Amino acid sequence: MSEASTLLKVEDLYVKYRSYWYTYHVLDGVSIRIKPGEKVGLIGESGAGKTTLLKSILRILPPQGRITKGKILYKDINLLRCSKGTLLEIRRKKVGMIFQDPLAALNPVFTIKEQMVDILKYIYKGSNYKKSDLENIALELLREVMLPDPERVLNSYPFQLSGGMRQRVVIAMALASAQELLLADEPTTNLDVTIQAQILKLISNLVEKRRLSMVLVSHALGMVRSMTKRIYVMYGGNIVEEAPSSKLFNEPLHPYTQLLIENAPKIIATKLGEGIKGNPPDYRYPPPGCRFHPRCPYAMDICKKVKPLLIKVNNDRYVACHLYAEKDMIKKLEV
Ligand SMILES: Nc1ncnc2c1ncn2[C@@H]1O[C@H](COP(=O)(O)OP(=O)(O)OP(=O)(O)O)[C@@H](O)[C@H]1O
Ligand SMILES: [Mg+2]
């Protein structure tokens, strides 16, 4: 793919967190790319590094987090090298993020109006907008997220709104700066299932209407499948598989993806899956070779020693697994 057709390109990204005693080696050479208007999903168990990846893109990791290697290109701007001004401009006008915890994104002691105007002031810094103009923009954004009685919402405090309404406010705020790319990190955590579906549908419609690109992180795998064209699967700080969404679910290649899909809680299931056996890697001492090998039912000797690279297995599918390094092994798995 040429650079011109890529909106965002993350290349071989390494991120570590440091505490007083330990270093956590989380992202371990992650690469992803997104074309203009493309919607991609990012799935994987809790702790896989999904939020770390999204926060790295916006350069908003907590102080303990460090990007130690790699490249993040937004169009042709290297976000790891560009000036602070350029980075702020991208955060203000181009890329918006819906954070995993909507309550944390809203301040309980200010009204929605005060909070939205504050953000809009920052986004439209340097323009001639008056406070009343910004209030109108806020109102318009609330209408766009289909909040009934947006005037009332604007004058409310967060605690006066339901969880679903608060989440719509958070989406409206993210939309204000997402003029090109929306990073949606678990936009429906803590909401009940029916509201989850409504919110995801809303996001899907808004992204379509505004022709945004999107990275969607969610544990609601069925929704990710229907809302995206391509999916990246993350395990232990690595992308282990990438495929068009329907192909990934119809025929998952990586043993981890297979287990992830098999164990996904299904609404129609009479009992919940037990989850994938074993634990995610301890990032202080990640396993050598393939980070998934201690939990992998097909682990071979080489998996304990050599890290598998993400390789193309046919036109549009990529997998990081030694089983696929040899064509005849693929056949074996298919039987
Ligand atoms: N501030 C931090 N300090 C130390 N380690 C951290 C910090 N934040 C995250 N980590 C480590 O990074 C790992 C990945 O965290 P991250 O939040 O990116 O996972 P995630 O895939 O978003 O999980 P979830 O689905 O639960 O949101 C965590 O397991 C944790 O060990
Ligand atoms: Mg997360």
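Colleague: Which ligand atom does His219 sit across from, and at what distance?
Modeller: A polar side-chain atom of His219 lies 3.1 Å from an oxygen atom of ligand 1. That pair is a polar contact, meaning N or O atoms within 3.5 Å; within protein, one must be able to donate a hydrogen and the other to accept it, and residues adjacent in sequence count only if both atoms are side-chain atoms.

Colleague: How much of ligand 1 does the protein bury?
Modeller: Taken alone, ligand 1 exposes 640 Å², and the protein buries 72% of that. Accessible areas come from the Shrake-Rupley method with a 1.4 Å probe; for residues, only the protein chains shown count as cover.

Colleague: What kind of model is this?
Modeller: This is a predicted model, where local features need pLDDT of at least 70, side-chain atom pairs count only at pLDDT 80 or more, and totals for chains, interfaces and linings use all residues. Residues are numbered from 1 along each chain as its sequence is written, chains are lettered from A and ligands numbered from 1 in the order in which they are written, and side-chain values use heavy atoms, with hydrogens and water left out.

Colleague: Back to the ligand. Which residues come nearest to ligand 1?
Modeller: Ser46, Lys50, Thr51, Thr52 and Gln100, out of 15 residues around ligand 1. A residue is near if one of its heavy atoms lies within 4 Å.

Colleague: What are the distances for Lys50 and Thr52?
Modeller: A polar side-chain atom of Lys50 is 2.8 Å from a ligand 1 oxygen. For Thr52, a side-chain N or O atom is 2.5 Å from an oxygen atom of ligand 1.

Colleague: Which helix gives the most to that shell?
Modeller: Helix α1, residues 50-58, with three residues. Helices (H or I, at least four residues) and strands (E, at least two) are DSSP runs, numbered from the N terminus.

Colleague: And the shell by class, how many of each?
Modeller: Five nonpolar, eight polar and two charged residues. Ala, Val, Leu, Ile, Met, Phe, Trp, Tyr, Cys and Pro count as nonpolar, Asp, Glu, Lys and Arg as charged, and the others, Gly among them, as polar.

Colleague: Is α1 mostly covered or mostly open?
Modeller: Mostly covered: seven of its nine residues are buried. Buried means under 20% relative accessible area, exposed over 50%, partly exposed in between (1.4 Å probe, protein chains only). Lys50 and Thr52 are among the buried residues of α1.

Colleague: What does Ser56 touch?
Modeller: Ser56 is in helix α1 and has a relative accessible area of 0%. Leaving aside neighbours within four places in sequence, Ser56 is in contact (heavy atoms within 4.5 Å) with Leu13, Val15, Leu27, Leu61, Ile67 and Ile72.

Colleague: Are Asp149 and Arg211 buried or exposed?
Modeller: Asp149 is partly exposed, because its relative accessibility is 41%. Arg211 is exposed, at 73%.

Colleague: Last topic, the overall fold. How many helices and strands?
Modeller: Twelve helices and twelve strands. The radius of gyration is 21 Å, close to the 20 Å that the globule rule gives for 335 residues, so the protein is as compact as a globular protein of that length. The radius is taken over C-alpha atoms, and the rule is 2.2 Å times the number of residues to the power 0.38.
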